[in-house]
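Let's take a friendly walk through this model together. Have the viewer open, and follow along one site at a time.

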Amino acid sequence: MDARFLGIPELTEVPAVAVVVDVMRAFTVAAWAFAQGAEKIVLAESLDEALALKARHPDWAALKDGPPAPGFDAVNSPGMLRSVDLGGRTVVQKTTAGTVGALAVKEASLVLCASFVVAEATARLLRTRAGGSATFVVTGEDGQAEEDLACAQYIARRAAGTGADAADFLRRAAESRAAGELVEGVREGVHPDDVALCLELDRFPFAMVASVEDSLMVLRPHEVASPM
Ligand SMILES: O=C(O)[C@H](CS(=O)(=O)O)OP(=O)(O)O
Ligand SMILES: [Mg+2]
């Protein structure tokens, strides 16, 4: 597979196929939201847009990163979200890196949002749909976030059918600055299990596909059949 790895500021043209990677924590959280029953996730451009959507749809659940805030129902923490029943609900998500990265490639023909918990399903979907090339958006730290780069490189290797020892990639993520900040309590809205949950390889069998629906960027789970 012809894979390019770019930070959000480096996205100067619209890629055909984009894989937007945010391990800690937006797209681990998104996968957990689907596991908890969410029907879809609307990726909001701003906190104000998230609140406006919530005001228009009071039954939707609004989620942001950082500390809890008035008007929001949840924070960007897989450890906290895994005990919330989201059956049939729409979630509105706004975070610092992940949702921004997905919105930056909203015009691509195929947009996948990914993390380690959906790595194999994402790679499998790429094998069938990518046509041999993909741009991986490394959302954290302007493309330098080690947890996102490691996950992107792992998925690219799996999509190419190249052998990849997951342990090396997971170790890089575990030693990343983001993991350290989450463990040390530098970041807010954190559950003690968050880092471990972000490092659970292939916890979920679905990939996550984002597309524009009624002018909103909407993320949905996409079941990927296992090879026979
Ligand atoms: O919630 C997160 O882990 C980060 C935000 S911050 O670095 O904690 O402020 O957002 P994400 O978009 O999920 O990287
Ligand atoms: Mg991140």
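**The metal and the ligand**

In this predicted model, the magnesium ion (ligand 2) is coordinated at 2.2 to 2.3 Å by Asp22, through OD, and by Met24, through O. Are these two residues, Asp22 and Met24, buried or exposed? Asp22 is buried, and Met24 is buried as well.

Now turn to ligand 1. Asp22 and Met24 also belong to the set of residues around ligand 1. Sorted by class, the shell around ligand 1 holds 3 nonpolar, 4 polar and 4 charged residues.

Next, let's look at some of the polar contacts. Thr95 places a polar side-chain atom 2.5 Å from an oxygen atom of ligand 1. How much of ligand 1 does the protein cover? On its own, ligand 1 has 360 Å² of accessible area, and the protein covers 83% of that.

Finally, zoom out to the space itself: the largest pocket is the one that ligand 1 takes up.

Note on methods:
Residues numbered from 1 in each chain as written. Chains lettered and ligands numbered in written order. Predicted model: local features only at pLDDT ≥ 70, side-chain atom pairs only at ≥ 80, totals over all residues. Heavy atoms only, no water. Near = heavy atom within 4 Å. Polar contact = N/O pair within 3.5 Å; in protein donor to acceptor, adjacent residues only side chain to side chain. Areas by Shrake-Rupley, 256 points an atom, 1.4 Å probe, with all protein chains shown as cover. 1 Å grid on protein atoms, 1.4 Å probe; cavity = no way out; pocket = protein on both sides within 12 Å on 5 of 7 lines; lining within 4 Å. Sits in = over half its atoms within 2 Å of the grid points. Nonpolar A, V, L, I, M, F, W, Y, C, P; charged D, E, K, R; others polar. Donors = N, O, S within 2.8 Å, 3.2 Å for Na, K, Ca; no water. Buried < 20%, exposed > 50% of the residue type's maximum accessible area, 1.4 Å probe, protein only.
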